[in-house]
Amino acid sequence: MKKFILILFVIFFFNISYSQKTIDKKENLNAISFGWSNPVSLTQSVFESDSIEKIGFYLDYSLKIDSIKFVRFHIKNSPFVENNKLTLSNFLSSIDYIKLILTKNKVVLGHGLGFYFRCNIYRSQVSNGLRTVWSSDYFGAGIQYHIFIDYFIRKDLSLNIITHLNFGLHQFYGNTINNGNYSQEYWEPKFENQQLISLGIKKTF
């Protein structure tokens with residue numbers, strides 16, 4: 001996996017381009033995307049009846065720099081409610097520098113590299129006059145690489161398919177105690193929030 005990501009980084013920084021034709025107007029515009037984005041570790045939960053956390057969503061905005069370069073602002077999380085507590089599990093935000101690799105007919109292929117921050121976010125409902133409480137845990141930050149394919153359904157609307165690979169420094173806990181809680185905090189470099197396939201709709205404007 002590490003060798004694979006290293007090869008992708010080399011391709012990205014050497015700015016290899018395989019464009020088949022001139023980028024037309026539809027690829028030049030800014031875009032907003034929304035869709036399904038479950039991490040690999042949670043994909044199985046969609047099919048488990050006893051799992052509360054079912055599905056993840058992503059939202060991103062791509063800002064044009066020039067005809068083949070963009071900056072992308074990306075947010076994703078897996079929301080669910082349990083015991084009157086809203087949880088935004090696997091919340092991740094990132095900013096990526098994007099380059100288009102290939103444009104041919106209705107297909108656009110591109111990739112991006114950037115930085116991400118992730119955590120879990122919790123919000124408990126107000127009860128008995130107590131104020132709403134926000135909290136978070138399982139923090140992490142690092143480098144994110146993604147590759148995407150856009151298939152244009154019409155001039156300003158496309159099917160957006162993305163693969164994300166992340167590597168960074170992440171918080172976790174170990175050494176359980178009797179009540180099931182964890183007594184020790186650790187930080188270590190690891191792959192986290194990998195998403196082999198994200199599916200969504202991209203609107204250009």
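Strand 1 (residues 31-36) and strand 2 run antiparallel, joined by six bridges. Two strands count as paired when DSSP finds at least two bridges between them. Across this pairing, Ala31 stands opposite Ser62 in strand 2. Strand 2 also pairs with strand 3; eight bridges join them, and they too run antiparallel. Here Ser62 stands opposite Arg72 in strand 3. Four residues lie between strand 2 and strand 3, and the two strands form a hairpin.

A word on the model. It is predicted, so local features need pLDDT of at least 70 and side-chain atom pairs count only at pLDDT 80 or more, while totals for chains, interfaces and linings use all residues. Residues are numbered from 1 along each chain as its sequence is written, and side-chain values use heavy atoms, with hydrogens and water left out.

Now step back to the whole chain. The protein has three helices and nine strands. These are DSSP runs, numbered from the N terminus: helices are H or I with at least four residues, strands are E with at least two. From the N terminus on, the order is α-α-β-α-β-β-β-β-β-β-β-β. Contacts (heavy atoms within 4.5 Å) tell us about the fold. Among contacts with a separation of 6 or more, 60% come from residues 24 or more positions apart.

How much of the protein is buried? Of its 205 residues, 40% count as buried. Buried means under 20% relative accessible area, exposed means over 50%, and partly exposed is in between (1.4 Å probe, protein chains only).

Next come the charges. Side chains of opposite charge can pair when their charged atoms come close. In a salt bridge, a side-chain nitrogen of Lys or Arg lies within 4 Å of a carboxyl oxygen of Asp or Glu. The whole structure holds five salt bridges. One of them joins Asp60 and Arg72, with the closest N and O atoms 3.5 Å apart. It links distant parts of the chain: Asp60 sits in strand 2 (residues 57-64) and Arg72 in strand 3 (residues 69-82), twelve residues apart. Asp60 is buried, at 4% relative accessible area. Arg72 is buried as well, at 3%. Asp60, Arg72 and Asp96 are linked in a network of salt bridges.

A second pair is Asp150 and Lys202, whose closest N and O atoms are 2.9 Å apart. This pair also links distant parts of the chain: Asp150 is in strand 6 (residues 133-154), Lys202 is in strand 9 (residues 195-204), and 52 residues separate them. Both Asp150 and Lys202 are buried. Arg154 and Asp156 form another salt bridge, at 3.0 Å from N to O. Asp156 is partly exposed, with a relative accessible area of 22%.

Finally, look at the surface. The protein exposes about 11,800 Å², and carbon and sulfur atoms supply 63% of it. Accessible areas come from the Shrake-Rupley method with a 1.4 Å probe; for residues, only the protein chains shown count as cover. Ile149, Tyr151, Ile153, Leu159, Ile161, Leu196, Ile197, Leu199 and Ile201 form a nonpolar patch there, with about 760 Å² of accessible area together. Patch residues have over 30% relative accessible area and no salt bridge; like charges are joined within 9 Å, nonpolar side chains (Val, Leu, Ile, Met, Phe, Trp, Tyr) within 5 Å. Strand 6, strand 7 (157-176) and strand 9 each give two or more residues to the patch. Strand 9 gives the most, with four. Ile201 is found in strand 9. Ile201 is partly exposed, at 39% relative accessible area.
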